[in-house]
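Please open the model in your viewer and keep the sequence panel beside it. The tour below moves from one selection to the next and says what is to be found at each stop.

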Amino acid sequence: MKIVPAFWLSGLCLACALAASAQTNAPNFKIQVVDNQISIGYGLAIGDVDGDGKPDILLADQKEFVWYRNPGDKTSSWKRYVMAANLTPQDNVCIAARDLDGDGRVEVAVGAGWNPAETSDSTKSGAVFYLMRPQDPTQHWEAIRLPHEVTTHRMRWAKTGKDNYQLIVVPLHGYGNKNGEGHGVRIWGYAFPNDPRSTWKRYLIDSTMHLTHNFEIWEDGDNGSATGIIVASKEGGNIFQWTKKKWRSYDKEAASNSLPLLNNGIEGIGEIRRLNGGKAIATIQPMHGNLLQVESGNYSFKKSKKLTEKEVDVLTDMFSQGHALVCGDFLGAGTDQIVAGWRNPNAEGKVGIRLFKPGENDKVTGYSLDDSVRMACEDLQAADLDGDGDLDIIASGRATLNVLIYWNQRK
């Protein structure tokens with residue numbers, strides 16, 4: 001693999017523009033504690049739960065799925081409500097939230113039964129539930145159990161038609177898998193039915209990868225016509241597309257030009273996100289690893305020029321158990337930045353979250369947003385929580401047992 005200096009998109013002018021913006025747009029975030037008494041904080045989701053027009057925070061904690069009501073300002077407390085608790089003897093692990101029916105309130109699915117060592121008994125490992133909304137969302141929600149694979153790990157909603165959605169569920173291991181070997185992970189798309197209590201039709205997306213860890217969904221076309229998934233795994237990265245009412249491996253030129261940059265080692269990828277509409281990919285490697293990298297390519301279904309040179313930019317190797325990644329234009333620079341977090345003390349004894357500007361040669365260590373012992377980052381989300389037009393950051397901490405908001409103070 002070619003390791004190159006810190007620029008990741010072709011074009012000297014763009015690299016210069018990024019460097020110039022880096023000198024004027026320094027990150028400025030203010031921290032607010034949402035909750036400092038959680039149990040683990042496996043996963044986060046963002047969405048309007050109560051229909052008041054403000055995005056709320058949802059959390060998959062160790063034994064409870066909870067949501068925090070957005071108070072509408074940066075100083076008031078976020079009130080906590082329990083949606084469901086003790087759905088399985090094992091821990092909870094993931095949560096997905098999205099408004100599927102256009103009523104301004106999110107539908108919610110959750111994953112539990114977290115038992116990664118058990119890969120042969122689905123009664124002791126893995127669980128998928130749809131949470132049926134009560135009239136009052138502050139009360140407990142009904143949990144509807146759906147079919148599942150062992151080691152349920154990550155889930156997101158994807159649009160697959162004008163009024164159609166699927167819940168994409170990615171386990172960690174395949175059935176009977178030992179040490180990342182054996183049967184591949186079966187990734188399913190669950191079609192959301194008119195009646196959530198009825199049978200959910202499932203579509204097999206893939207069953208070839210091992211140790212699948214995290215994934216991203218994007219929707220390039222109208223009405224779900226070009227919905228894609230990129231999945232991080234032991235084998236690297238793989239892309240799938242919903243087309244002609246079926247999930248298919250995406251092996252066209254754009255992917256074949258780009259994927260070799262991801263699929264280059266045996267240690268695999270843990271976290272994966274697209275930048276700037278698919279012009280590049282940010283990854284944390286290996287799984288639970290120390291490297292933050294950017295691979296240039298085209299991770300999209302849109303037509304683009306053929307790449308004549310592909311590059312890999314190692315932004316940092318300072319992480320210990322890198323476990324969270326989110327991309328977006330937090331600084332109003334016109335291009336995406338990367339926010340990454342890690343959960344174990346690194347060589348300096350620190351855990352935390354840092355923001356990186358690809359293309360900034362003189363700041364390869366990034367900018368510290370929280371670089372002490374306050375946030376052992378397990379998961380990250382980005383959303384405009386206060387409606388000011390800037391992306392804020394939401395983080396959950398594993399060892400630090402907290403949920404924090406990093407309010408964007410750009411304006």
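Is histidine 213 buried or exposed? With a relative accessible area of 1%, histidine 213 is buried, where buried means under 20% relative accessible area, exposed over 50% and partly exposed in between, computed with a 1.4 Å probe on protein chains only.

Before the next selection, please note that this is a predicted model, in which local features need pLDDT of at least 70 and side-chain atom pairs count only at pLDDT 80 or more, while totals for chains, interfaces and linings use all residues. Residues are numbered from 1 along each chain as its sequence is written, and side-chain values use heavy atoms, with hydrogens and water left out.

**The whole chain**

Show the protein chain as a cartoon, and you can trace 2 helices and 28 strands; helices (H or I, at least four residues) and strands (E, at least two) are DSSP runs, numbered from the N terminus. Of the 411 residues in the chain, 59% are buried. If you switch to a surface, the protein chain exposes about 16800 Å², of which carbon and sulfur atoms supply 47%; accessible areas come from the Shrake-Rupley method with a 1.4 Å probe, and for residues only the protein chains shown count as cover. Among contacts (heavy atoms within 4.5 Å) between residues at least 6 apart in sequence, 52% join residues at least 24 apart.

**The loop between β13 and β14**

Return to histidine 213, which is found in the loop between β13 (202-206) and β14. Apart from neighbours within four places in sequence, histidine 213 is in contact with residues including His153, Arg154, Glu271, His288 and His323. Now select threonine 212, found in the loop between β13 and β14 and buried, with a relative accessible area of 0%. Its contacts beyond four places in sequence include His153, Val170, Leu172 and Ser233. A distance drawn between the C-alpha atoms of threonine 212 and glutamate 271, 59 residues apart along the chain, reads 9.8 Å.

**From β19 to β20**

Histidine 288 lies in the loop between β19 and β20 and has a positive phi of about 60° although it is not a glycine. With a relative accessible area of 28%, histidine 288 is partly exposed.

Glutamine 293 lies in strand β20, residues 291-296, and counts as buried at 5% relative accessibility. The C-alpha atoms of glutamine 293 and threonine 283 are separated by 5.3 Å, though the two residues are 10 apart along the chain. Leaving aside neighbours within four places in sequence, glutamine 293 is in contact with Ile281, Thr283, Gln285 and Asp313, among others.

**The largest pocket**

What is the volume of the largest pocket? Its volume is about 930 Å³. On a 1 Å grid over the protein atoms alone, a cavity is a set of points where a 1.4 Å probe fits but cannot get out, whereas a pocket is an open set with protein on both sides within 12 Å along at least five of seven lines, and lining residues have an atom within 4 Å of a point. Grid points are joined across faces, edges and corners, and a volume is the space filled by probe spheres set on the points.

Select Arg156, Glu216, Arg273, Gln381 and Ala382, the closest to the pocket's centre among the 37 residues that line it. Among the elements that give two or more residues to the lining are β10 (152-159), β14 (215-219) and β22 (322-328), while the largest share, 6 residues, comes from β26.

Glycine 328, in strand β22, counts as buried at 7% relative accessibility. Beyond four places in sequence, glycine 328 is in contact with Asp336, Gln337 and Leu391. Finally, go to leucine 401, in the loop between β27 (392-397) and β28 (402-408), where phi is near 55°, a positive value in a residue other than glycine. At 32% relative accessibility, leucine 401 counts as partly exposed.
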